[in-house]
Amino acid sequence: MQDPLPDPDSFEHQEDMMENQKANQQPQSADIEGEGNHTADRRYREGVERSVKGGKIEEHAEEAASALDGPEGDELREAQEATRHGRPS
């Protein structure tokens, strides 16, 4: 004979349900910052600012062009196309 189903209004049943909910909850990562990652955004903007102030924009552009013409060019173009369409590279 099977045990009867627990009474959903019983204290024990409610306590069990709460324990199950706690066990199934995933801990929130410290990296989650709500609407966008403000820390990553700030770091990106600071990096761009340092690059511009460093005055090596032309040098970096030439390096990028050389990389596209080099052996890794196909892989770089594939990554660029993937990110353009919202896919990870």
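Tutor: Let's start with a count: a search of the whole structure finds five salt bridges. Here a salt bridge means a side-chain nitrogen of Lys or Arg within 4 Å of a carboxyl oxygen of Asp or Glu. Before we go on, this is a predicted model, where local features need pLDDT of at least 70, side-chain atom pairs count only at pLDDT 80 or more, and totals for chains, interfaces and linings use all residues. Residues are numbered from 1 along each chain as its sequence is written, and side-chain values use heavy atoms, with hydrogens and water left out.

Student: What is the mean pLDDT of the protein chain, and where is confidence lowest and highest?

Tutor: pLDDT is the predictor's confidence in each residue, from 0 to 100. The mean for the protein chain is 79, with 64% of its residues reaching 70 or more. Confidence is lowest in helix α1 (residues 11-24), at a mean of 66, and highest in α4, at 93.

Student: What share of the 89 residues is buried?

Tutor: Buried means under 20% relative accessible area, exposed means over 50%, and partly exposed lies in between (1.4 Å probe, protein chains only). Buried residues make up 7% of the 89. As for areas, they come from the Shrake-Rupley method with a 1.4 Å probe, and for residues only the protein chains shown count as cover. The accessible surface of the chain comes to about 8600 Å², and carbon and sulfur atoms account for 50% of that.

Student: Back to the salt bridges. Which residue pairs with D41?

Tutor: D41 pairs with R45, and their closest N and O atoms are 3.1 Å apart. The two sit four residues apart in helix α2 (residues 38-54), which means about one helical turn separates them. D41 is partly exposed at 36% relative accessibility, whereas R45 is exposed at 55%.

Student: Which residue does E46 meet in a salt bridge?

Tutor: E46 meets R42, at 3.5 Å from N to O. These two are also in helix α2, four residues and about one helical turn apart. E46 is partly exposed at 34%, and R42 is partly exposed at 43%.

Student: What about R77: which residue is its partner?

Tutor: That's D74, with the closest N and O atoms 3.2 Å apart. In helix α4 (residues 73-84), R77 and D74 are three residues apart, so about one helical turn lies between them. R77 is partly exposed at 39%, while D74 is exposed at 53%.

Student: Which residues form the patch of negative charge?

Tutor: Patches are made of residues with over 30% relative accessible area and no salt bridge; like charges are joined within 9 Å, and nonpolar side chains (Val, Leu, Ile, Met, Phe, Trp, Tyr) within 5 Å. Lys and Arg count as positive and Asp and Glu as negative, leaving out His and the chain ends. A charge is placed at NZ of Lys, CZ of Arg, CG of Asp or CD of Glu. Here E58, E59, E62 and E63 gather in the negative patch. E59 lies in helix α3 (residues 57-69) and is partly exposed at 41%.

Student: Which residues form the nonpolar patch?

Tutor: Y44, V48, V52 and I57, with about 390 Å² of accessible area together. Helix α2 gives the largest share, three residues. I57 is in helix α3 and is partly exposed at 43%.
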